[in-house]
Structure formats: structure tokens, C-alpha cells
Amino acid sequence: MSQDTQNAGVGSGAHDADAVPGSAPLGSGAVGMDRILKRETHSSRAVVSVIAAALVMAVCAYALLETAVRATGQPPWLVDPQTAAERVVALPAGIGPLLLVVTGAVIAMVGLFFFLNAVLPGRRARHLLPDRRAAVVVDDEVIAAALARRARLAANVTQEQVMVVVSRNRVLVSVRPTSGVPLRPDAVLDAVRRELQDMGPWPMPEARIQVSTAGVVGA
Amino acid sequence: MNNTPRVLNRILIGLLGITLLAIGVLLVLLATVPAVGVWWHEWAGGILNFWLDLFERTQFPSRQGSWLWLVICFVLVVVLGLMVAWIAQQGKGRTSLLVAEEDPGDAPGNVSIGHGVAEQTLRAALADRPDLAGVTVAAYEIKGEPSLRIRVEPRQGVAPHALAAEVSSLVEALDAVIGKRTPVLIHIGSGARSRFGRAERVR
């Protein structure tokens, strides 16, 4: 595949022939495509990074202010660095134990937030679709909307009576039938499954249906 | 798809997280377990004495005060600079050129095609479709090779595979115009406009 990327465009009309890689796997077409897909389906943690950097910068800026004031021999703004260090060393004393516990718990929670963000895989709610030319990434919300439309047509109910939740490996279709109108869950599920087969998302989720026992009146 | 340094992000966020977690746990332990307090006085007191001693030995020769404060100031400024650099790394990697190659023909020189060509043509082709709420096209540089990212926001209920096939055929037409196959990513996403806008009823 790397070859046809490089060769294409050299010939005047030849690229049309090798522009079709045939039955290529998902997201084919170029050298960096695997990398692009990996990056598109996982969070980059850019926002968390900016928050972390801002936090460190705020602490450093305050420390810089107090240190600079101390270095030039001026009176401190809030607390002299040396006094602060002495207070930290004397810690259980000088502050209420409850306040200390709460402060510690809050700091630990913030730390846990950053730590989990760094360690967890950070998958985004997205699926890949097969395509012969481009790599296609779809938000799960879009898949859910399409399946909901399909289920709505199959069940012959209004838009508000169908809810579809798409997760990585599961699609859950919940339908609230109209009161007095029978609903065949198998037919709806079949329609949703067929739509999913046509779509062919990767990883392929498994569809389930849930028909609520209480109906909607006057829909 | 951009060149955000993901491994670096993970490492730095992880380091900050572990540090904060350790500080928090230490504070809680200090308040609840007396034995930790004894150990802390001993350990942290030793470190403080070491630093005080260091400040004593680094006095200016002429006047009162230690020049170590200036060193600490400098270190803090460096850390601040590094943090700004880290923020600046996020989300970079946009490029303005789609193709930049030497012309193999008779005339000497290079051929370069800006990303605006792809953007304008694709936007124009998708502009009057009622089932789309928005289209964005951007070019990124992946491992030195320009690639296109087409973000399409369909209205609620549009089948993504049909949309992908149509956009993909437009991309193939673009290939024929430009004469080069660039890697293309089609992102079918949902935003505020597609979420709160009206559903697509008729197609």
C-alpha cells in the first residue's frame, strides 16, 4: 500500500488504475494510516495536559514571586519561603486536624484524577467504518442516531419513543410502544441488525432490544 | 490526528498525579497517625537543616543574603518556560501544503498545492446538502507526509456508511484533480449544530 501512494501521481492517467486497493482492510491507503486511526480513536489528553501545566505554572509563579521578593530583600507578600518551609516541617501542629485531612483528601483526589488520566487507555466513543479510499471514523452518537431512525421506522413509533445507546461492544435499543398498538421486537431488532451489518462498524457491537412494558398514550 | 506529543502528555500528567497523590496521602496520614508525624519531623527537619546550612554557606561576599535565592528564581523561571513549551506542543501539526514536489517536466521548479484547494472544492461539493450541518477540512502533516482530515457533521439519523461512501467518492474525484493520493481521514462526528438541529426527515 505504501507503494501505490508513492507511485500515484507520477503517471498522467495511470493513478486511476491503482487508486483502488481492492479488498483492503480497514483504514488502508497510506503509511501513516494506522497511526492516524490509533490517534483518532484514543484521547490525546491535550486538555488535561493544559490543566496540569497551568496548575504547575500557577504554583511556580507564586513561588517565583516570593523567592524574588526574598532575593531582593523586600518584605514578603504572603509568606516568606523560609517560614513556609518551617511551618511545613512542623506540620501536624499549627493547623486543625480536620482541615489537614480535608486538604490532604482534596489534593489526593486531584492527584488521582491526573494519574488515572495518564494510565487508563482513554478510548474515545468512536467506531471505524470500512471504506476503499479513506479511513473513516464515526462518533458513536451518529451511529446511535442512524440506528434509532431505522428502529423508529421499523417499529412505526415516533422519534421520542426510541432510544439507542451505542457503546464499544453493545447496542441497546429501548422502545416504548404506543399503547394499544402491538409491537414485534424481533422485527425491530432485525432491522437494526441489518442496518448494523450494512454499516459494518469495527469493533462490531452486538444489538439488543428492550421493549418497555408501559406504553405511551396518544402517540 | 495532529502531532500532540501523547506519550509525553501521559508521562508528565502521570508524574504530576503521583506527586499530588503522595502529598495528599502524606497530609492525611500526618493528621491521623501520630507515628508518621514523628518520622516526618525527623526526615523533613533534616532536609530543612541541610538547606539552611546551604543558604548560610552561599552568602554574597559583600552584602547580606544568599545568592542561592537567585538560583532558585532562575530554576523556577526555567520550569515556567518548560510548561509554556509543553502547552505550545498541544494540537500542532497543521500544514498549509497538500502537495510539494519537484516537477518532472521540462520547466525547472517545484509544484506545490495548498490545502485550500482541497478545502474549497470539498466544501463547495458538500455545501448544499440538506443532511449535513457542517463540514471542516484541514491538512495535517503525519510523518512528513501531508494528509487530509475531513470532518462532517450530519444531522440526526443520517446513515454514516452512506455518507462516508459519498464523501469518499468526492475524495477520489479530488485525487484525479490533484494527481496524487494523499491519506484521508473522514471523521463523521456530532456537534452542537447536529445535536440540537432538526432531524433529517426527507432524503
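The model is predicted.

In chain A, domain 1 spans 46-119, and domain 2 spans 126-211. Their C-alpha centres are 50 Å apart. In chain B, domain 1 covers 6-88, while domain 2 covers 97-196. Here the separation of the centres, taken over C-alpha atoms, is 49 Å.

The two chains touch. Chain A contributes 76 residues to the contact, and chain B contributes 71 residues. On the side of chain B that touches chain A, several elements give two or more residues each. Four helices are helix H1 (6-32), helix H2 (34-57), helix H3 (68-88) and helix H5 (160-178) of chain B. Strand S4 (145-154) and strand S5 (184-188) of chain B complete the list. H1(B) supplies the largest share of this side, with 20 residues. By residue class, the side of chain B that touches chain A holds 41 nonpolar residues. A further 22 are polar, and eight are charged.

Strand pairing also links the chains. Strand S2 of chain A, residues 135-139, is joined to S5(B) by four bridges. The two strands run parallel. Within this pairing, Val136(A) stands opposite Ile186(B), a residue of S5(B).

Note on methods. Residues numbered from 1 in each chain as written. Chains lettered and ligands numbered in written order. Predicted model: local features only at pLDDT ≥ 70, side-chain atom pairs only at ≥ 80, totals over all residues. Domains from an automatic or database assignment. Contact = placed C-beta atoms within 7 Å. Nonpolar A, V, L, I, M, F, W, Y, C, P; charged D, E, K, R; others polar. Pairing = 2+ DSSP bridges.
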